[in-house]
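The structure is shown first.

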Amino acid sequence: MASLLYQQIAQQLAEDIHKGFYQPGERVPSVRKLSTQKGVSHATVLQAYATLEDQGLIRARPQSGYYVHRTPALTAPTPSISRVEPPYAVTRSGIISQILSQARRSGVIPLGAAVPSSEFLPLRALHQQMSKVTRFHAQRAFSYTFSPGYEPLRRQVAIRMRDAGAVVDPADIVITNGCVEALQLCLRTVTSPGDLIATESPSYYGLLQLCELLGLKVIEIPTDPETGLSLEALQAAADKWPIKALVVTSRAGNPMGATMTEPRQRKLVGMMAQRAIPIIEDDIYGELMFDHGRSKALKAFDCSDTVLYCSSFSKTISPGVRTGWVIAGKHQDAIEKLQTFTTLSACSVSQMAVAAYLENGGYDRHLRYIRQEYRKNLSNFQLAVQQHFPEGTQITRPRGGFILWLSLPGGIDTQLLFNRALERGISIAPGVVFSNTEQFNHCLRLNCGIPWDRDAERAIVTLGLLAAQQLQEQQRDQSVSAEAVA
């Protein structure tokens with residue numbers, strides 16, 4: 001009841017701030033005053049204010065109180081929704097691999113790959129648990145751990161799933177080598193080579209690579225940068241083509257950061273259940289939602305074993321531990337069998353260390369910290385892009401995670417921009433790798449999971465200048481062509 005109470009207070013005050021009752025820089029009611037007004041404890045009000053701080057709405061000033069955060073307005077428009085194109089066999093893995101290998105060069109400011117900076121990861125605590133595991137449980141740590149994985153870790157994951165709105169038993173969880181293996185196991189279980197799957201447009205490039213490796217065809221469903229996958233377009237596609245599975249992210253999608261509302265999540269799960277089309281849910285950014293506790297995963301609405309849920313700790317604890325999981329329901333036996341005869345399970349040391357870290361506490365405190373940092377980072381990157389990129393640049397407004405999607409004006413070729421930026425020590429992820437079509441060649445994704453400092457700001461200024469230069473070159477070429485025709 002207390003948790004619901006502080007959330008209600010935070011929500012009401014957030015609405016008052018959005019409506020302008022409290023202006024940027026103004027002081028909100030003191031803890032004592034709001035406690036008296038609401039008839040609640042000081043601790044409840046402090047919880048509410050901590051929630052609003054995590055959301056970036058207020059800031060605490062020592063010995064003074066809490067004030068509405070003063071920030072410039074983000075006025076740039078959001079990117080447009082894509083169009084439906086017929087299914088195709090995936091052919092992007094070559095260019096994806098080439099771009100990724102170039103972007104991994106040392107000394108490059110990593111605005112391309114969606115990898116959080118080590119400064120935002122609990123590496124010291126994880127190292128301590130690794131040391132304890134290898135010192136006191138060496139025999140178990142250096143032995144095989146077979147599918148479905150280390151039981152104490154599965155127990156901790158089941159606890160974490162409560163925050164996503166899903167009640168699952170530890171026995172229902174299979175530990176995997178990151179989220180990518182979870183996705184691969186699910187795809188191999190519910191599809192065969194030559195089958196057609198549906199996914200968002202634009203989509204996570206790792207999924208496109210997997211589909212090419214597995215011989216799957218893909219149809220991309222238009223996706224709104226705020227509300228997510230178009231259910232109407234999905235329904236029309238399912239009526240026309242034999243879709244065997246849907247791969248989707250309903251919270252903080254990659255690359256656009258879209259989050260579906262609860263009614264749309266319910267409708268999506270019901271629609272797919274009625275058609276007996278399995279949903280493979282990639283929820284890797286789910287624990288990084290800024291309104292933590294107020295959004296749920298699709299799995300929370302699954303009453304008919306329609307959703308195969310995939311996630312990992314790569315974005316919150318460490319990408320290097322390669323610790324993910326899948327909740328596959330009626331497909332679990334097939335998943336375990338497939339994993340047993342391929343990778344056995346995830347690394348034993350990693351599983352034991354992550355389990356110990358989760359058991360030891362501190363993970364929720366760590367999540368609160370990085371959610372707040374990523375929210376501030378996103379705001380800083382958004383405002384810098386708005387200031388330094390060509391007029392007409394469109395910017396997403398993610399409600400979680402640490403990635404931004406930009407649509408550049410005038411059809412600027414972001415693959416060319418990628419090459420020019422790399423020459424100046426900056427990597428980006430050009431739009432060409434996020435689709436099997438040519439619709440996003442003027443778009444790019446930025447990784448905001450790095451500290452916002454002078455280097456990051458200079459990188460954005462440089463990218464803006466390069467984009468403006470390309471736009472001028474393009475306009476000049478078009479003018480010359482027009483004169484030649486005349």
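## The largest pocket

Helix H14 gives 7 residues to the lining of the largest pocket, the largest share of that lining. The model is a predicted one. H14 covers residues 363-388, and helix H1 (2-18) also supplies at least two residues of this lining.

The space in the largest pocket comes to about 1100 Å³. Its lining is made up of 31 residues, and those nearest the centre are His18, Gln55, Gly56, Leu57 and Arg375. Sorted by class, the lining has 13 nonpolar, 9 polar and 9 charged residues.

## The second largest pocket

The second largest pocket has about 790 Å³ of volume. It is lined by 37 residues, with Ala113, Ala114, Val115, Tyr205 and Lys315 the closest to its centre. Two or more residues of the lining come from each of helix H4 (93-103), helix H8 (178-190) and helix H9 (205-213).

Nonpolar residues number 22 in the lining of the second largest pocket, beside 9 polar and 6 charged ones.

## Cavities

Across the whole structure, 4 cavities of 30 Å³ or more are found. The largest cavity has a volume of about 130 Å³. Of the 14 residues that line it, Arg160, Ala164, Arg251, Gly286 and Glu287 lie nearest the centre. Helix H7 (151-161) and strand S11 (307-312) each give at least two residues to this lining. The lining of the largest cavity holds 4 nonpolar, 5 polar and 5 charged residues.

For the second largest cavity the volume is about 90 Å³. Its lining includes Leu183, Thr199, Glu200, Tyr204 and Asp282. Strand S6 (196-201) and strand S9 (243-248) each contribute at least two residues to the lining of the second largest cavity. That lining counts 5 nonpolar, 4 polar and 2 charged residues.

## Helices H5 and H13

Helix H5 (residues 123-136) and helix H13 (residues 348-359) have axes that come within 8 Å and cross at roughly 120°. H5 is therefore oblique to H13. The crossing of H5 past H13 is right-handed.

On the H5 side, the contact is made by Ala125, Leu126, Gln129, Met130, Val133 and Thr134. On the H13 side, the residues are Val349, Ser350, Met352, Ala353, Val354, Ala356 and Tyr357. The contact of H5 with H13 has 10 nonpolar and 3 polar residues, and no charged residues.

Conventions: Residues numbered from 1 in each chain as written. Predicted model: local features only at pLDDT ≥ 70, side-chain atom pairs only at ≥ 80, totals over all residues. Heavy atoms only, no water. Axes fitted to C-alpha atoms, helices over the stretch in contact; angles between N-to-C directions. Helix = DSSP H or I, 4+ residues; strand = E, 2+ residues; numbered from the N terminus. Parallel < 35°, antiparallel > 145°, perpendicular 65-115°, else oblique. Left-handed = near helix turned anticlockwise from the far one by under 90°. Contact = heavy atoms within 4.5 Å. Nonpolar A, V, L, I, M, F, W, Y, C, P; charged D, E, K, R; others polar. 1 Å grid on protein atoms, 1.4 Å probe; cavity = no way out; pocket = protein on both sides within 12 Å on 5 of 7 lines; lining within 4 Å. Points joined across faces, edges and corners; volume = space filled by probe spheres on them.
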